[in-house]
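Open the model in your viewer and keep the selection tool at hand. This tour moves from stop to stop and says what to select next.

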Amino acid sequence: MAYENTDDGIAGPAPGGTGTGPGIGTEPGVSDSLRTFGAFVQALREHAGLTREEFAGQVGFSKHTVASIEQGRRMPDRDFVDRAEPVLGNTGALRRAAPHLSRQAGLASWFRQWARLETQAVTLWTYECRVIPGLLQTERCARAVTVSVPPVKDEEKVAEQVAARLERHHLFDRRPPIAFSFIIEQALIERGTGGPEVMREMLDSILERSAQFNVELQIMPRHQPDHAGFDGPLMLLESQDNRWFGYAEGQRGGMLIADPKEVSITLQRYAKLRSQALTSEDSRSLLKQLRGAP
């Protein structure tokens, strides 16, 4: 089984993962489909005589989000497609095109299937013992993580991978909201990735995220002899049809877990990790302590 080294699959060329899910390690890295879809949305909007701001108001998304989709920089979620269809003529073209979209370059090929599932998730859980989860990383932290891991990358590749990681942050603002749970090892905070200034900014961001109504954050303390996460990081999500999937990664590949028995084991492990980690309140207190004075 092949694995990769970051929780959100930001990596260089894929070696061809051997995960259980179809399509792992086989998708194209260029987002021509996103640019084409965006151009199509823009053409339909202009044909309907709507400005970008007017269209944004009718579909319930920000003007910035609409611009990002039209420019091929953002993956449209199901809500956007469902709301845009009647506004743009109800032809069904957007619904037919949406399943064929692939995310932008910067996401490792073995992660893209999971990334598509994320956009439609109702629940998303993450346990991480190697690096601050990509969904919680600031731009400077994401950059520090990206440049730290060989092979050496040029500035264009670094910027591409950081942008792809930050793009996933729009999941926090999705409506209907996703129920997030994060369990992070205390050592990841204390490692100081990027230096003191970057980590102070990182802690401020994590504290802000953990205050959202749909985000639960727990810290796994350094001293925890009975630990359900010895086999490494894991992710779980619940789809809109209430089906659960798991995901695991290692150095150079990832594995989508769809078999119900394996998913059940992953759920059991996450449940035990939750019981072993600090409470949300105690976790926030520890983060504030680690951050130090303002």
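**First stop: two hairpins**

Select β4 and β5: they form a hairpin with five residues between them, and Asn 242 in the turn has a positive phi of about 65°. Helices (H or I, at least four residues) and strands (E, at least two) are DSSP runs, numbered from the N terminus. This is a predicted model, in which local features need pLDDT of at least 70 and side-chain atom pairs count only at pLDDT 80 or more, while totals for chains, interfaces and linings use all residues. Residues are numbered from 1 along each chain as its sequence is written, and side-chain values use heavy atoms, with hydrogens and water left out.

Stay on Asn 242. Is Asn 242 buried or exposed? At 53% relative accessibility, Asn 242 counts as exposed. Buried means under 20% relative accessible area, exposed over 50%, and partly exposed in between (1.4 Å probe, protein chains only).

Now follow the pairing. β4 and β5 run antiparallel, joined by four bridges. Two strands pair if DSSP finds at least two bridges between them. Pick Leu 237; Phe 245 in β5 stands opposite. Five of the six residues of β5 are buried.

Move on to β6. Four residues lie between β5 and β6 in their hairpin. These two strands run antiparallel as well, with four bridges. Select Ala 248 and find its bridge partner in β6, Met 255.

**Second stop: the whole sheet**

Show all the strands of the open sheet: six of them, in the order β3-β2-β1-β4-β5-β6, with mixed pairing. From one strand to the next, the twist averages 10°.

Contact means heavy atoms within 4.5 Å. Axes are lines fitted to C-alpha atoms, for helices over the stretch in contact, and angles run from 0 to 180 degrees between N-to-C directions.

For a parallel pair, select β1 (residues 123-128) and β2 (residues 179-185), joined by six bridges. Thr 123 stands opposite Ala 179 in β2.

Select Ser 210 in helix α10 (residues 196-210). Ser 210 is buried, with a relative accessible area of 12%. A polar atom of its side chain lies 2.9 Å from the backbone oxygen of Leu 207. Leaving out residues up to four places away in sequence, Ser 210 touches Val 215, Leu 217 and Arg 284.

**Last stop: cis bonds and one more asparagine**

Most residues other than glycine have a negative phi, and most peptide bonds are trans. Go to Pro 150 and Pro 151: the peptide bond between them is cis, with omega near 5°. Pro 151 lies in the loop between α7 (139-148) and α8 (155-167). Next, select Arg 175 and Pro 176, where the bond is cis with omega near 0°. Pro 176 is in the loop between α8 and β2.

Finish at Asn 90, in the loop between α4 (78-87) and α5 (93-97). Asn 90 has a positive phi of about 55°, although it is not a glycine.

Conventions
Polar contact = N/O pair within 3.5 Å; in protein donor to acceptor, adjacent residues only side chain to side chain.
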